[in-house]
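Please read the points below beside the model. They go from single residues to the whole chain.

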Amino acid sequence: MAEGDRDGNGQSRVLHSVRGRRRVYLVVVVVAVASISVSFVSTALGGWAPILHWSCSAEGQPLHLTQEYVPAVLVNSPYGGRAWGNGTLPANYPGVWNGPPPVGVTEVAFGTGAIEGEALGAFFAVNVSIEGLQNATDWGPGANTRCTQSVVVTIAPPLVTTEAGGGLLGPNNTTDSSESSYAWIFQGTSDQLPSAYFDNAFAVSNSPLISTCGGGSKSLNMTLSSYLDVQFPAGLRGVSSTVPFVISVSESYHYWFPSDFGAWQVDNLSAPGGPGGGWAFSYSPCP
């Protein structure tokens, strides 16, 4: 102010006033940046955000698969022996019943048997929808709903309810280690097609050895699993891949091993971290 008084024209007052506005403007900018930073933190941590929030939405067009065959049960028979398996699903499970199930029918069981080291499965058809998901940030207040997975898979009844058997491994195999990851449905006909992918092969011995060397035959009944892992082929984001899906199904098995015949290593596919289902085998003769 003293300098303005010296000049006598008010110039110093004008300059001082402009500097004052600049200081106010800078304070506003700092406050705004701080608010946005807090909003980003709130968004990242979850819950509700006041300015910017996460959302999860579909990415592109969904992929549709029709009449895709999935297993209800997969059965490996021990070399020299026999096996039978049942897969039981709720009667209203997609693809299990043609339309609403009759009154009083609550479950449907699919079964198949195998002998002499072969592997077979019982399958049913479903329609599959696969959608890619992506996270996005949206302006405005809202709850944070980030994607918990990159894709979502839903199944629905097919146009035609169909059940079929499928071969995984032929007879006279001493090990299931080379078993296919899919089955051919209607094999040998003009309508043959591959099933969804799965893992039913022998990989590691994780259960007690079964031996009948020097002894009688053995017969085992058990309920092993409440699920089967499958994978559907998909081409999302321009990349060919598979996407996982879990079939909720109760799996029960019967295994028979002939007397004084050999020893079988067992891979319990329903052990923690496994794909679900029954047993896979690797055989060795008696010494």
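1. Asn172 sits in the loop between strand S8 (163-169) and strand S9 (184-185); helices (H or I, at least four residues) and strands (E, at least two) are DSSP runs, numbered from the N terminus. Although Asn172 is not a glycine, its phi is positive, about 65 degrees. With 54% relative accessibility, Asn172 counts as exposed (buried means under 20% relative accessible area, exposed over 50%, partly exposed in between, with a 1.4 Å probe and protein chains only). Most residues other than glycine have a negative phi.

2. This is a predicted model, in which local features need pLDDT of at least 70 and side-chain atom pairs count only at pLDDT 80 or more, while totals for chains, interfaces and linings use all residues. Residues are numbered from 1 along each chain as its sequence is written, and side-chain values use heavy atoms, with hydrogens and water left out.

3. Glu116 also has a positive phi, near 55 degrees, and is a residue other than glycine. Glu116 is placed in the loop between strand S4 (107-115) and strand S5 (119-139). Its relative accessibility of 33% makes Glu116 partly exposed.

4. Gly87 belongs to strand S3 (residues 82-90) and is buried, at 0% relative accessible area. Leaving out residues up to four places away in sequence, Gly87 touches Ala72, Val73, Val108, Ala109, Phe110, Val249, Ser250 and Glu251 (contact means heavy atoms within 4.5 Å). Gly87 and Glu251 are 164 residues apart in sequence, yet their C-alpha atoms are 4.8 Å apart.

5. How many disulfides does a search of the whole structure find? The search finds 1, a disulfide being a pair of cysteine sulfur atoms within 2.5 Å. The partners are Cys213 and Cys286, with their sulfur atoms 2.0 Å apart. The angle about the S-S bond is -100 degrees, and the link of Cys213 and Cys286 is left-handed. Cys213 lies in the loop between S11 and strand S12 (218-236) and Cys286 in the segment after S15, so the pair ties together parts 73 residues apart in sequence. Cys213 is partly exposed at 29% relative accessibility, and Cys286 is partly exposed at 26% relative accessible area.

6. An open sheet is formed by 3 strands in the order S11-S14-S15, with antiparallel pairing; two strands pair if DSSP finds at least two bridges between them. Strand S11 (207-211) and strand S15 (279-285) are the edge strands, each with a single partner strand, so one side of each has no neighbour in the sheet. Strand S14 (residues 262-268) pairs with S15 over 7 bridges in the antiparallel sense. In this pairing, Ala263 stands opposite Ser284 of S15.

7. The largest nonpolar core has 40 residues, and Leu89, Phe124, Phe232 and Ile247 have the most contacts inside it. Strand S13 (residues 239-257) gives the largest share of this core, 7 residues. A second, separate core has 11 residues, among them Leu74, Phe123, Leu169 and Ile185. Here a nonpolar core is a set of buried Ala, Val, Leu, Ile, Met, Phe, Trp, Tyr and Cys residues joined through side-chain atoms within 4.5 Å.

8. For the protein chain, the secondary structure comes to 2 helices and 15 strands. Of its 287 residues, 39% count as buried. Among contacts in the protein chain with a separation of 6 or more, 71% are between residues 24 or more positions apart.
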